[in-house]
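Hello,

Here is the structure I promised to pass on to you. Have a look at it first, and then read on for what turned up.

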Amino acid sequence: MGDVAALRTRFAEVEKEALETRERIQAERDAARAEALAAREEIVVKAEAIAAKPESQVHWKNDTAELRALLDTWKEAQRSNARIAKDAERELWKRFTAARSGFEKARKHHFAQARQGQRSGRRPQGGPCRPGRTPRRVLRLGPHGARLQGPHGRVEDRWPWSP
């Protein structure tokens with residue numbers, strides 16, 4: 001039948017080698033998961049730092065672009081890095097989306113206030129189509145003064161809303 005004792009010795013060596021390889025691979029996977037978790041945590045911390053800035057220190061265009069870049073980085077980390085535990089990923093994603101939505105709310109509020117301020121501080125601008133402005137006034141305000149009236153005759157007589 002053969003040498004059973006030698007076969008058992010060889011099997012024990014192969015089994016030991018397989019266990020060592022399995023432990024090494026498991027340690028590498030654990031290290032990759034820890035690295036992926038740290039990378040995602042870093043993304044979340046950056047997003048929370050941007051969202052926590054006082055409104056006077058926010059540069060809306062750059063910070064919005066940075067948040068979008070962080071989202072792209074998150075997606076890339078999801079595709080390429082090692083998988084992390086679902087509950088840890090879900091918790092980090094909640095923090096990340098909360099930071100993004102808080103920033104977006106602040107951004108929308110800021111620009112709504114800016115538009116409101118512009119509307120309330122705006123004076124009506126004159127022009128030929130604005131009520132209360134006659135063509136005569138427009139013609140006088142033109143860059144060529146009276147020469148505008150010459151070839152056109154009395155334009156204001158032809159306008160239906162002129163006095």
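This is a predicted model: local features need pLDDT of at least 70, side-chain atom pairs count only at pLDDT 80 or more; totals for chains, interfaces and linings use all residues.

A residue is called buried here when its relative accessible area is under 20%, exposed when that area is over 50%, and partly exposed in between.

First, the overall picture. The protein chain has five helices and zero strands, so from the N terminus on its elements read α-α-α-α-α. Of the contacts between residues at least 6 apart in sequence, 67% join residues at least 24 apart. The chain exposes about 12,700 Å², and carbon and sulfur atoms supply 53% of that area.

Now to the charges. Side chains of opposite charge can pair when their charged atoms come close. Searching the whole structure gives 10 salt bridges, and a few of them deserve a look.

Two sit within helix 1. R10 pairs with E13, with the closest N and O atoms 3.6 Å apart. Both belong to helix 1 (residues 4-51) and are three residues apart, about one turn of the helix. R10 has a relative accessible area of 48% and is partly exposed; E13, at 46%, is partly exposed as well. Further along, E28 and R24 meet in a salt bridge at 3.3 Å, N to O. These two are four residues apart in helix 1, again about one turn. E28 is partly exposed at 47% relative accessible area, and R24 is partly exposed at 46%.

Which parts of the chain does the salt bridge between E41 and R95 tie together? The closest N and O atoms of this pair are 3.2 Å apart. E41 lies in helix 1 and R95 in helix 3, so the bridge links parts that are 54 residues apart in sequence. E41 is partly exposed, with 29% relative accessibility, and R95 is partly exposed too, with a relative accessible area of 25%. The pair also belongs to a network of salt bridges that links E41, E48 and R95.

Finally, the surface carries a positive patch formed by R83, K86, R90 and K94. One of its members, K86, lies in helix 3 (residues 86-121). K86 counts as exposed because its relative accessible area is 60%, above the 50% cut-off.

Happy to hear what you make of it.

Best wishes

Notes. Residues are numbered from 1 along each chain as its sequence is written. Side-chain values use heavy atoms; hydrogens and water are left out. Patches are made of residues with over 30% relative accessible area and no salt bridge: like charges are joined within 9 Å, nonpolar side chains (Val, Leu, Ile, Met, Phe, Trp, Tyr) within 5 Å. Accessible areas come from the Shrake-Rupley method with a 1.4 Å probe; for residues, only the protein chains shown count as cover. A salt bridge is a side-chain nitrogen of Lys or Arg within 4 Å of a carboxyl oxygen of Asp or Glu. Lys and Arg count as positive and Asp and Glu as negative; His and the chain ends are not counted. The place of a charge is taken as NZ of Lys, CZ of Arg, CG of Asp or CD of Glu. Buried means under 20% relative accessible area, exposed over 50%, partly exposed in between (1.4 Å probe, protein chains only). Contact means heavy atoms within 4.5 Å.
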